[in-house]
Amino acid sequence: LEEAEHALLEALRLAGFSSPTWNNLGILYGRQGKYRDAAAAYQRALEFDTGNSGALMNLGLLHLKAREYAKCAEVFCRAVRKYPQKETLLFNAGNAAAEIMKDGRAFEAIQILRELVVAKPKGLNYWHNLALALWHIKDKEGAASCFKQVIEIDPAEDFAWLSLAKLAAEQ
């Protein structure tokens, strides 16, 4: 990794305005556990190319790895709004929301999932996860609405039907 770092720093010395090189340096620093340096490198990549969706996604993943969930949610929400057609970004945003939920941080997960269902209105997993996150914070009406959306997309979706029945029984 030291050789890679040296090569990237040398490339930046020669052409410090290279957004992809800054992004790669961020990836390297992230792997080394240098989260502050990685975040700074991703920010530099974005300064030189505001359209670098990879750097934005990597910054979100870095915040996830550092368990900085509010920052992670903010970055992924911005990224999904800006690049709703980038499948890799949407996939990673969905995974980030799921990881955040596993850690019991429903509000940050809900922020990301709400952006995802706007970007992918037929995304069953996003609707499912949003419903579960809303149910987790006791927003039963919101959860029911999301499960109904799942059923509208796929009427054969048994889990959504079962969840709606459980929600009705709880009220």
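A helix, in the sense used here, is a DSSP run of type H or I with at least four residues, and a strand is a run of type E with at least two. By that definition, the chain in this predicted model has 10 helices and zero strands.

The chain as a whole may be considered before its parts. Its C-alpha atoms fill a box of roughly 65 × 25 × 20 Å, taken along the principal axes. The chain has 171 residues, of which 44% count as buried. Among contacts in the chain with a separation of 6 or more, 44% are between residues 24 or more positions apart.

Which residues of α3 are buried? They are Ala38, Ala39, Ala41, Tyr42, Ala45 and Leu46. Seen down the axis of α3, these buried residues fall within an arc of 160°, so they line one face of the helix. Arg36 and Glu47, on the other side of α3, are exposed. The buried residues of α3 pack against two helices, α2 (19–31) and α4 (53–65).

Helix α4 contains asparagine 58. With a relative accessible area of 13%, asparagine 58 is buried, because the cut-off for a buried residue is under 20%. Neighbours within four places in sequence aside, asparagine 58 is in contact with Asn23, Ile27 and Tyr42. Of these, Tyr42 is one of the buried residues of α3.

Rolling a probe the size of a water molecule over the atoms shows where empty space is left. The largest pocket has a volume of about 170 Å³.

Attention may now pass to helix α8. At 1.5 Å a residue, the 13 residues of α8 should span 18 Å, and its end C-alpha atoms are 18 Å apart, which agrees. The buried residues of α8 are Tyr126, Trp127, His128, Leu130, Ala131, Ala133, Leu134 and Trp135. What covers these buried residues includes α6 (87–102), α7 (106–119), α9 (140–153) and α10 (158–170). After α8 comes lysine 138, whose phi is positive, near 70°.

Within α8, which spans residues 124–136, tyrosine 126 deserves a separate look. Is tyrosine 126 buried or exposed? Its relative accessibility is 14%, so tyrosine 126 counts as buried. Residues up to four places away in sequence aside, tyrosine 126 touches Leu90, Phe91, Gly94, Leu113, Leu116, Val117 and Lys120. A polar atom of the side chain of tyrosine 126 lies 3.3 Å from the backbone oxygen of leucine 90. By contrast, tyrosine 126 and histidine 63 are 21 Å apart in space, C-alpha to C-alpha, and 63 residues apart in sequence.

How values were computed
Residues numbered from 1 in each chain as written. Predicted model: local features only at pLDDT ≥ 70, side-chain atom pairs only at ≥ 80, totals over all residues. Heavy atoms only, no water. Buried < 20%, exposed > 50% of the residue type's maximum accessible area, 1.4 Å probe, protein only. Contact = heavy atoms within 4.5 Å. Polar contact = N/O pair within 3.5 Å; in protein donor to acceptor, adjacent residues only side chain to side chain. Arc of directions from axis to C-beta. 1 Å grid on protein atoms, 1.4 Å probe; cavity = no way out; pocket = protein on both sides within 12 Å on 5 of 7 lines; lining within 4 Å. Points joined across faces, edges and corners; volume = space filled by probe spheres on them. Expected span 1.5 Å × (residues − 1).
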